[in-house]
Amino acid sequence: VTTAIGVTQGTLVLTGATTTANLGSATNIGYFKEAQVLIDVSATGGVTASLTVYIDSKLDGTTYLNLAAGLVMSTASQQVITLQKNRGLNASTLLTGEAGAGTIREVGFADDLQVRYSISGATSSISARVWLNLIG
């Protein structure tokens, strides 16, 4: 079973030095075994524009913890971040701070996922689309 959720489409625009926001979330996804976050940057503008996408899950059922960070994207390009279902590890006490760029923490996801992003660069704009593809 595969289902795709369009988390966001359109242009992510930054008018200051840094913008961070949630793109969207998916809940009640516990029966899926794999999650793929597909990121398509079609254009960048401004001075040193860059985009980083983060994936979070409530491993403890309450608080979102960061599971993965995509590679920093500063040109028109694509990437896929793939996560596997929670493997029964109680890693919620081990995860602190953000995963480094291009890092996927090997703890899996719980019954939900949150996708968020950070854009940096003076007067930057990034046109991007992000999808969440769930595979069961």
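Is tyrosine 31 buried or exposed? Select tyrosine 31 and see: with a relative accessible area of 60%, tyrosine 31 is exposed. Exposed means over 50% relative accessible area, buried under 20%, and partly exposed in between, with a 1.4 Å probe and protein chains only.

Before moving on, note that this is a predicted model, in which local features need pLDDT of at least 70, side-chain atom pairs count only at pLDDT 80 or more, and totals for chains, interfaces and linings use all residues. Residues are numbered from 1 along each chain as its sequence is written, and side-chain values use heavy atoms, leaving out hydrogens and water.

**Stop 1: a ring pair**

Rings of Phe, Tyr and Trp (its six-membered ring) pair if their centres lie within 6.5 Å; planes under 30 degrees apart count as stacked, over 60 as edge-to-face and the rest as tilted. The protein has 1 aromatic pair by this rule. The ring centres of tyrosine 31 and phenylalanine 32 are 4.4 Å apart and the planes meet at 35 degrees, so this pair is tilted.

**Stop 2: the whole chain**

Switch to a cartoon view: you will find 9 strands and 0 helices. Here strands (E, at least two residues) and helices (H or I, at least four) are DSSP runs, numbered from the N terminus. Of the 136 residues in the protein, 44% are buried.

**Stop 3: the core**

Next, select Val37, Ile39, Leu51, Val53, Ile55 and Leu113, which touch the most other members of the 31-residue largest nonpolar core. S9 gives this core its largest share, 5 residues. Such a core is a set of buried Ala, Val, Leu, Ile, Met, Phe, Trp, Tyr and Cys residues joined through side-chain atoms within 4.5 Å. In soluble globular proteins, nonpolar side chains tend to be buried together.

Zoom in on isoleucine 39: beyond residues up to four places away in sequence, its contacts include Leu51, Val53, Met73 and Val130. Contact means heavy atoms within 4.5 Å.

**Stop 4**

Select threonine 52 in strand S5 (residues 50-57). Threonine 52 is buried, at a relative accessible area of 10%. Leaving aside neighbours within four places in sequence, threonine 52 contacts Ala69, Gly70, Val72, Arg116, Tyr117 and Ser118.

Finish at threonine 123, in the loop between S8 and S9. Threonine 123 is exposed, with a relative accessible area of 55%. Draw a C-alpha to C-alpha line from threonine 123 to glycine 45: the two are 78 residues apart in sequence and 8.2 Å apart in space.
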